[in-house]
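Subject: Structure for you to look at

Hello,

Here is the structure I said I would pass on. Please open it next to this email and follow along; my notes come after it.

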Amino acid sequence: MSLITTLARLEAVRTGRAQPAATVRHRHLSDRPLVFVPLITAGEAGAPLGALVGTDRDAPRLLVVPQPRDRDLRFAFLAELAGVVLPHIEAYADSVEPAERTETDPETGKRVKVEVDLCADAAQLIVPSRAGVDFVRLLGRSMRFRRTTEQDPETPHPAPPRVPLLGRWLTHYGERARVPGSSLLLAMTDLLGRHWATGQSTLEDQHLGALLAWIAPGDEGPTGAEAARRAELARDADGQLLCPPAGPATDPAFDNKLLAPAIERYDRARTALAAAEDGVEADDRLGAVTAAEREVRALVESRTRPTWDAVWRGLDLLRELPAGAHVEDRWTRDRWSFTSHRDRVLAGEPPQPRRDDAVTAANKLATREREQARLEAQEALDDPLVMAGRRLAGEAFAGEVIDVVMAYSESKRPSPRPLVTVRTDDRPHLGERVKVHRSLGGRPQAAEFVAQEDEGVLVLRIVDRMGRGKEPEAGSVPEKGDRVCFTLFEHEQRGGAKLPDPEGTPWTHGGPPGETAAVPEAADAQTEEDVL
Amino acid sequence: MTAETTAAPAAPVLDPGAEAARATAAILHDTLHGAERGVVVDSPPGAGKSTLVVRAALELAEAGRPLMVVAQTNAQVDDLVLRLAEKNPDLPVGRLHSSDADPYDKALDGLENVRTSAKAADLAGQAVVLSTAAKWAHVKVDEPWRHAIVDEAYQMRSDSLLAVAGLFERALFVGDPGQLDPFATVGSEQWAGLSHDPSASAVTTLLAHNPTLPQHRLPVSWRLPASAAPLVSDAFYPYTPFRSGTGHGDRRLAFSVASDGSGPDQVIDEAARSGWGLLELPPRHTPRTDPEAVRAVASVVRRLLDRRGAATSERAPEPVLLTADRVAVGTAHRDQAAAIRAALADVGVTEVTVDTANRLQGREYDVTVVLHPLSGRPDATAFHLETGRLCVLASRHRHACVVVCRAGVDELLDDYPSTEPVQLGTPVKFPDGWEANHAVLAHLAEHRVPWRP
């Protein structure tokens, strides 16, 4: 945790309210986000119990699995979920604009510009907490390898038509969520935690109710700490939590006292229906099944609705912040990611493999590290409060220019290398010839540290972005009296080296995945410890 | 291994020089004549890794095999170029560099047979071409090099080996398994347990896919004194022990100015006598840049220089004055290093190297002063417990190492046993940081001096 975050958290404890950790919004928020509040069955991670899903805060769609251990009902739930999520995604996938992309020409090997379609916008998915993101990933994994009868008429347990496709999309969203700064799939607790510092630990911040209690505890009344405690612990006369957990896990008291009996009644009603001997009896008993199912639905809704409302309240809070200058730029990357997955689906490519091969994994890691560095730089440039944190950490400094002396490089064609003296109260970790960077009209200009003249008086030599002439271009060199802010970190990230194609995986990494990957690996051998 | 087939089966050799020579001969034999595509060499701190790399490079060049050398930093590459040119000034060497300003050490320009360029094509025909892994990753070739040497292979990440492995047919991988593992700035748990986990070290991936490659070990540390080698070997290399190349009497550190009885002077005398010294400050939870500890480090360094130390070693017949360039300060964090630099400047010391463990890797000094990574901390995180961090800090010295630390680290360790999740398929690394920290602390406790200004 950085020093400024620690200070903000201490301040939050003292004032009883969360403190701003950002002055602008650092993530893209769609005008029509698809909010997804899932619940799962205790003890069976892959068994959904129900969900609220939709784009209208007043009219969420309630999906329920009245008996989560019944796989047919589970499939029905997934099919219904696909019926909500896929049309939403496809609406975005259909609206495109022309864009350019650089590709390597397979014949000449040269980099050429290609005209391609780019989706004008992308579908955004919002879940309440980080566990929700994991659940999206799990759902994706559980669905994408399923086969429908259309794909394979022989398949023993065919999935409903659109389920495998939903699995592929959810897998894509889950993977994209691992890219720093991406906004295709966001967890509300992460979003709020990025923009506010509460007086509790980051682990406690994963409780959406408690987190919101710190941020908006109400004008009068309890402090953030009291409100958070109430959100975490307060129970009604029946022992049920007033603020149910944001899921996907449910509270055991709810499971034991309310859910388990209701599911059992549903099971009994179904058994009775199956045993009905004539039509009249069946009609009656069907009514009982429907009533029992309605009861489970009401229970699921009662536990998801507060979370649903909390997510939208969080969105309201976030929308009050203006978007950071680079947010749009990062969202464009999300749109590229969305478009490329759309294209893979359209091209009839197989679902994402179970495991990444060596080249894919290395490429993903490189991309994410680059995006992490980009995000950190952009957030600091977009937001003075974030920059203040970097200044406090000695990674940037702001101050006033107190002197500018013109100087030139020692070469055949001397270029301007002006010496700029800056007075600052910050204490950057500068060493000899350390490069520093400032933003000049949105583009980075580099300087190198020359000397420290006095306490807080630094001499820098500007080294680029002054044009080609002997005299620097107007406005490209700071003037006496200017306020400047230099960072020790770079503002833009270089692209990494190109890795070989997966077919060209070298011997050090096991050679091309080819044949070995196609063969499913054998299960672990039986050992003496295996008792089951 | 093929070692037995070449070297005559000898009785246990007690002479460290002969022992090291035998290991080197076996390594060179496997590299030049072995059937496998790779050879892996584990080298403990100061065991002559660079010497081995230079020797292997010269022999491969002599055998007429075009050779590329991959190191991890520009400083390492420049150092190897200088050593190669020193050993064989006639060898045509290519230094491939980046297109940044000042990409390489200016000393290279004075070498007649060293050609420098930012383009690999300009260096075609040089017997040996050296560069960093990052630069090699951008090189495209039609025909791969016959041979490569990958230096500091344990500090190289698997994905950066992936980017360069297509450039060579066979390779010698050399590195120190006890130093800091490579790291990623984003989470990589997703790939944990895969044989090609891109965040693992290059050697881990290489051996996972090629388990039959010959693996060698350099058995003698020439840097660490007899007082340090057993501790470092036991604490950090429990299953691959090594010994020091010098005996207990071979190195001495003496000071011409007598002790004034203060804590720093006492700990300096203790370290000069025994090789280790622990200057213990009263227990306290502090910020990372603990002002008292920082000042204590600065005063130890100041006194080290003021007391005019003389280092006697096997390198020179006469004692050599302990100068500022032979002293280094090691820390865990960059802000700690910055604070110590500032404190040193306040007491008029500017020439002493102050750096983090990451940057001190591969460097060597007569005396090191270390701010213990866990000093003053309320908790022990995986970062602070990392085995490699402590190993680097405790193995940079030829004569003595002074550790400055708040009391209470042993209780802290007991409060925070390692809790890192065990990932299926990931080889467990021994020893874990918790155990190594305890081993070092237990040894340091015997050389404890309480802080007194």
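**Hairpins in chain A**

In chain A, the hairpin of β13(A) and β14(A) has two residues between the strands, and Gly456(A) there takes a positive phi near 80°. Please keep in mind that this is a predicted model. Strand β14 of chain A covers residues 457–462, and six bridges join it to β13(A) in an antiparallel run. Within this pair, Ala451(A) stands opposite Val459(A) of β14(A).

β13(A), residues 443–454, is also joined by six bridges to strand β12 (residues 435–440) of chain A, again antiparallel. Here Ser439(A) stands opposite Pro444(A) in β13(A). The hairpin of β12(A) and β13(A) has two residues between the strands as well, and in it Gly441(A) takes a positive phi near 55°. As background, strands of a sheet pair through backbone hydrogen bonds, either parallel or antiparallel.

Chain B has an open sheet of eight strands, in the order β4-β3-β5-β2-β6-β7-β1-β8, with parallel pairing. At its edges are β4 (114–117) and β8 (215–217) of chain B, each of which pairs on one side only. On average, neighbouring strands of this sheet are turned by 20° against each other, direction ignored.

One pair to look up is strand β2 (residues 67–71) with strand β6 (residues 145–150) of chain B: they run parallel and are joined by four bridges. Val70(B) has Val150(B) in β6(B) as its bridge partner.

**Two helices in chain B**

Helix α10 (residues 291–306) and helix α11 (residues 334–346) of chain B have axes that come within 9 Å and cross at roughly 50°. α10(B) is therefore oblique to α11(B). The crossing is right-handed. On the α10(B) side, the residues that meet α11(B) are Val294(B), Arg295(B), Val297(B), Ala298(B) and Val301(B); on the α11(B) side they are Ala339(B), Ile340(B), Ala343(B) and Leu344(B). By class, the residues of this contact are eight nonpolar, no polar and one charged.

**Where the chains meet**

Between the chains, 23 residues of chain A are in contact with 25 residues of chain B. The side of chain A that touches chain B consists of twelve nonpolar, seven polar and four charged residues.

Regards

Methods
Residues are numbered from 1 along each chain as its sequence is written. Chains are lettered from A and ligands numbered from 1 in the order in which they are written. This is a predicted model: local features need pLDDT of at least 70, side-chain atom pairs count only at pLDDT 80 or more; totals for chains, interfaces and linings use all residues. Two residues are in contact if their C-beta atoms, placed from the backbone, lie within 7 Å. Ala, Val, Leu, Ile, Met, Phe, Trp, Tyr, Cys and Pro count as nonpolar, Asp, Glu, Lys and Arg as charged, and the others, Gly among them, as polar. Two strands pair if DSSP finds at least two bridges between them. Axes are lines fitted to C-alpha atoms, for helices over the stretch in contact, and angles run from 0 to 180 degrees between N-to-C directions. Angles under 35 degrees count as roughly parallel, over 145 as roughly antiparallel, 65 to 115 as roughly perpendicular and the rest as oblique. A crossing is left-handed if the near helix is turned anticlockwise from the far one by less than a right angle, and right-handed if clockwise.
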